[in-house]
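Thanks for coming, everyone. I have one structure to walk through today. Let me put it on the screen.

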Amino acid sequence: MLIKIAKSNVSWLALDRIARLALGLLVGVLVARYLGPYDYGRLNLSIAYAGIFAALSTVGLEAVAVSRLADGHHDQAAVVGTGLMIRLAGSVVAVLLASLSAALIQGDAALVILTAISSGVFIAQAGYVLDWLAQAQHRNWIPSVAQTSASICSGLVKMWLIIWEADLVWFALSNVAEAALASLAMFALFRSRRLDISFRFDGSLARTMLTDALPLVISGFAFFIYTRMDLIMLGRIAGENDVGNYSAALRIGEAIGFIPLAFITVGFPKWVRLFGKDRQAYERNILIDFRRIVVISLVISSIVSLSAQSICQFLYGDRFDDASDILVVSAWISALSVWGFASSRLIIIEGNANLIVYRNLAGIAVNFVGNAILIPILGAVGSALSTVTAYLCANFLFYAFSSKLRPLLILYMRCFLTIPASFKVQIK
């Protein structure tokens with residue numbers, strides 16, 4: 001039964017990701033071609049400043065909330081309602097801090113306004129607490145349909161903005177509108193199925209959830225710093241044109257992780273249940289799932305890296321010539337980030353969430369030093385190399401120095417050594 005449900009949810013998530021990927025690439029390419037490297041760089045720079053504080057908008061609650069909703073021992077209305085109020089409060093703080101950071105670092109009033117608008121996505125995404133409920137109930141089709149529908153509408157709006165020759169700010173506003181529409185669509189789909197989505201705020205539960213999520217907030221903040229640091233340092237040292245080329249390559253690299261991420265999203269509630277019931281079944285399923293995640297990531301990243309020049313020329317044309325060299329390297333960021341995300345889920349399940357903070361701090365240190373050295377020499381390619389190095393250090397090398405995380409390093413080694421068996425073993 002678990003296998004059937006998992007396969008169904010993977011199918012929904014895969015279809016959702018494929019549809020949004022196809023539309024996102026099409027619209028993203030058209031927007032990039034229309035804006036050009038400079039304005040496209042400014043748009044993505046504003047999103048990067050917002051992204052640094054994304055952890056404050058979610059307050060690290062997703063894993064904590066899904067765990068509580070999946071175990072069946074907590075009041076659903078209280079978990080969802082409390083999570084909604086915490087997310088709204090965190091989102092407002094994130095908007096203010098992102099705008100302040102852009103003002104202090106860039107000193108560009110227009111970019112500060114653009115950052116404030118881009119950060120507004122966090123408030124619009126407060127309704128994504130229903131995504132947590134859908135994950136716990138194995139109703140992944142609900143957020144899939146909602147977000148795909150919103151992406152289609154947003155894509156049509158952006159195409160109209162291109163025809164209308166709209167200013168840059170309208171493209172940032174369209175992202176906020178997309179997030180708001182997805183939240184409303186999820187609510188409507190739950191209601192149409194007569195599913196219980198009552199909300200109730202519980203102050204005591206809020207304190208407990210915030211306490212449990214605090215290490216995730218700090219680690220998430222650290223994670224977004226070292227994954228967005230490249231764009232911000234690139235914009236500060238090299239300028240918006242380099243940010244535009246880097247963002248064009250990064251968009252492709254980030255998009256190709258949709259299949260392994262679908263397995264992780266669906267597998268997490270299953271891993272939580274097995275961890276508390278059957279340790280052997282838990283370890284067996286983890287090994288099988290991680291093998292498949294590793295194989296899929298390696299294959300996709302290899303293909304994209306080897307075909308980088310053809311892909312960039314086809315998608316972006318001559319204005320983004322420098323993007324192909326960046327994509328050769330940044331394609332591997334996708335695989336490394338997927339593996340890091342998967343291992344974070346296991347660290348959370350096994351009660352070692354505080355170690356994620358130290359892991360991400362190690363990534364920040366490596367990425368900062370790498371960017372400072374390599375950007376002046378290699379530009380955007382140097383930034384990509386620095387980010388790959390940071391991921392390798394944070395997600396592999398760091399594990400070797402912690403007795404609690406060392407089993408994860410061994411797990412990945414077993415995955416690499418037993419790759420041929422990844423699609424032969426059946427989950428029992």
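**The exposed side**

Start with Leu96. Leu96 is exposed, because its relative accessible area is 58%, and the cut-off for exposed is over 50%. Keep in mind that this is a predicted model. Leu96 sits in helix α4. Which residues make the nonpolar surface patch? Leu96 is one of them, together with Met85, Leu88, Val92, Ile123 and Phe201. The patch covers about 550 Å². Helix α4, residues 76-105, gives the most to the patch, with 4 residues.

Now the charges. As background, side chains of opposite charge can pair when their charged atoms come close. How many salt bridges does the structure hold? The count is 2. Arg42, Asp108 and Glu240 are linked in a network of them.

Take Arg42 with Asp108. The closest N and O atoms are 3.0 Å apart. Arg42 lies in helix α1, residues 2-52, and Asp108 in the loop between α4 and α5, so this pair ties together parts that are 66 residues apart in sequence.

Next, Glu240 with Arg42. Here the closest N and O atoms are 3.3 Å apart. Glu240 lies in helix α10, residues 240-255, and Arg42 in helix α1, so this pair ties together parts that are 198 residues apart in sequence.

Are these residues buried or exposed? Arg42 has a relative accessible area of 9%, so Arg42 is buried; the cut-off is under 20%. Glu240 is buried too. Asp108 is at 24%, so Asp108 counts as partly exposed.

On to the nonpolar core. The largest one has 132 residues. Which residues have the most contacts inside it? They are Tyr246, Trp271, Phe290, Trp339 and Leu346. Helix α14, residues 323-349, supplies the largest share of this core, 15 residues.

Look at Trp271 in particular. Leaving aside neighbours within four places in sequence, Trp271 is in contact with Ile264, Tyr282, Ile286, Asp289, Phe290, Arg345, Leu346 and Ile349. Phe290 and Leu346 are on that list, and both are also among the residues with the most contacts inside the core.

Last stop, Asn367. Asn367 is found in helix α15, residues 354-378. Its relative accessibility is 0%, so Asn367 counts as buried. What does its side chain reach? A polar atom of the Asn367 side chain lies 3.5 Å from the backbone nitrogen of Thr387. Beyond neighbours within four places in sequence, Asn367 is in contact with Tyr226, Met229, Asp230, Ser386, Thr387 and Ala390.

That's the tour.

Terms used:
Residues are numbered from 1 along each chain as its sequence is written. This is a predicted model: local features need pLDDT of at least 70, side-chain atom pairs count only at pLDDT 80 or more; totals for chains, interfaces and linings use all residues. Side-chain values use heavy atoms; hydrogens and water are left out. Patches are made of residues with over 30% relative accessible area and no salt bridge: like charges are joined within 9 Å, nonpolar side chains (Val, Leu, Ile, Met, Phe, Trp, Tyr) within 5 Å. Accessible areas come from the Shrake-Rupley method with a 1.4 Å probe; for residues, only the protein chains shown count as cover. A salt bridge is a side-chain nitrogen of Lys or Arg within 4 Å of a carboxyl oxygen of Asp or Glu. Helices (H or I, at least four residues) and strands (E, at least two) are DSSP runs, numbered from the N terminus. Buried means under 20% relative accessible area, exposed over 50%, partly exposed in between (1.4 Å probe, protein chains only). A polar contact is a pair of N or O atoms within 3.5 Å; within protein, one must be able to donate a hydrogen and the other to accept it, and residues adjacent in sequence count only if both atoms are side-chain atoms. Contact means heavy atoms within 4.5 Å. A nonpolar core is a set of buried Ala, Val, Leu, Ile, Met, Phe, Trp, Tyr and Cys residues joined through side-chain atoms within 4.5 Å.
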